[in-house]
Structure formats: structure tokens, C-alpha cells
Amino acid sequence: MEVINAIGRRKAAVARVYVSEGKGQITINKKELKEYFTTGTLQYIVTQPLNLLEVADKYDIKVNLDGGGVTGQAEALRLAISRALVKIDAESKSALRTAGFMTRDPREVERKKPGQPKARKKFQFSKR
């Protein structure tokens with residue numbers, strides 16, 4: 001099997017994934033998964049598609065992660081891994097779709113407007 005690559009995005013985070021056959025090693029920016037994502041929830045989010053299809057120890061995954069915060073990066077990585085697994089085995093798409101891993105979350109940060117402190121918040125109104 002040749003190396004399969006996919007991309008996943010969430011907010012400002014971009015994850016580029018390279019999947020090859022191996023023993024289940026996940027390397028993110030030349031660091032181990034547990035070293036990069038220290039909390040258990042983020043590690044769980046990243047490995048969700050692999051655990052769903054029960055292929056966690058079948059593939060080695062190299063990741064380039066850029067931009068965003070930790071949660072956005074983890075969810076971008078989940079999408080990228082899901083897309084790569086569909087490239088490997090097209091029958092797994094329906095299972096990943098029902099779990100909600102194939103949908104790109106379209107929510108982005110709303111821009112700050114002039115004359116306001118934030119995107120929607122207004123400065124305090126004074127009648128007198």
C-alpha cells in the first residue's frame with residue numbers, strides 16, 4: 001500500500017495527514033500523539049474514526065498540523081483521518097458519515113465590527 005494523504009480543516013486549523021501501513025503510530029509535527037495532545041479528551045477525538053472502524057493498530061499516521069487552537073486542531077485531524085480512511089476503503093464511508101466524522105464543521109469566528117468592542121457586543125448605552 002502506498003502512502004495516502006488527506007486534508008482536514010476546522011476554524012483556523014489545517015491538518016495534513018499521510019497514512020501508511022504500520023503498527024498504529026500517530027506522529028504530529030514530529031511528536032508523539034500523547035506528547036502533542038496531553039488531555040485524554042483530545043486524544044480520544046483524534047482516534048475516534050480509527051476506533052470506530054477497529055483499525056487503530058493497522059496504520060501509521062504522520063500529521064502536519066498548523067493554525068488554530070488545540071480543540072480545532074484535534075477536530076481537523078479527526079476529519080483528515082476519516083477522509084484518508086475512506087480513500088483506503090470506500091465501504092467505511094457510511095459508518096463514518098453516521099458518526100458525523102465526514103462533515104466539515106462550517107462555523108468560523110465572526111469578524112469584529114467597527115464602533116463595537118466585539119463582533120456582537122455593543123458599548124454601554126448612556127441615556128444622559
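Q: Which residues of α2 are buried?
A: In helix α2, the buried residues are Leu 42, Gln 43, Ile 45, Val 46, Thr 47, Gln 48, Pro 49 and Leu 50. Here, buried means under 20% relative accessible area, exposed over 50%, and partly exposed in between (1.4 Å probe, protein chains only). This is a predicted model: local features need pLDDT of at least 70, side-chain atom pairs count only at pLDDT 80 or more, and totals for chains, interfaces and linings use all residues. Residues are numbered from 1 along each chain as its sequence is written, and side-chain values use heavy atoms, with hydrogens and water left out.

Q: What covers the buried residues of α2?
A: The cover includes β3 (26-28), α1 (33-36), β5, α3 (70-88) and α4 (93-99). Helices (H or I, at least four residues) and strands (E, at least two) are DSSP runs, numbered from the N terminus. Not counting residues up to four places away in sequence, Gln 48 touches Arg 78 and Phe 101, where contact means heavy atoms within 4.5 Å.

Q: How do I read a bend in a helix, and where does α2 bend?
A: The bend at a residue is the angle between axes fitted to the seven residues ending there and the seven starting there. Helix α2 bends by about 55° at Thr 47, with Pro 49 following within four residues. Just after α2, Glu 54 has a positive phi of about 55°.

Q: How do strands make a sheet, and what is the order of the strands in the open sheet?
A: Strands of a sheet pair through backbone hydrogen bonds, either parallel or antiparallel. Two strands count as paired if DSSP finds at least two bridges between them. In this model, five strands make an open sheet in the order β1-β2-β5-β3-β4, and the pairing is mixed. β1 and β4 (31-32) are at the edges, each with a single partner strand, so one side of each has no neighbour in the sheet.

Q: How many bridges join β2 to β5?
A: Eight bridges join them, and the two strands run antiparallel; along this pair, Ser 20 is opposite Asp 60 in β5. On another side of the story, β1 (residues 4-10) and β2 (residues 13-21) are antiparallel with seven bridges, and Arg 9 is opposite Val 14. These two strands form a hairpin with two residues between them, and Lys 11 in the turn has a positive phi of about 50°. Further along, β3 and β4 are antiparallel with two bridges, and Thr 27 has Glu 32 in β4 as its bridge partner.

Q: Which strands does α3 lie across?
A: Helix α3 lies across β1, β2, β3 and β5, running at about 145° to β1. Axes are lines fitted to C-alpha atoms, for helices over the stretch in contact, and angles run from 0 to 180 degrees between N-to-C directions. Within α3 you will find Gln 73, buried at 8% relative accessibility. Leaving aside neighbours within four places in sequence, the contacts of Gln 73 include Ala 13, Tyr 36, Phe 37 and Leu 65.

Q: How is an aromatic pair read, and how many does the structure hold?
A: A pair of aromatic rings is described by the distance of the centres and the angle of the planes. Rings of Phe, Tyr and Trp (its six-membered ring) pair if their centres lie within 6.5 Å; planes under 30 degrees apart are stacked, over 60 edge-to-face, and the rest tilted. The structure has one such pair. Tyr 36 and Phe 37 form it edge-to-face, at 5.0 Å centre to centre and 85° between the planes. Tyr 36 is partly exposed at 22% relative accessible area, whereas Phe 37 is buried at 0%.
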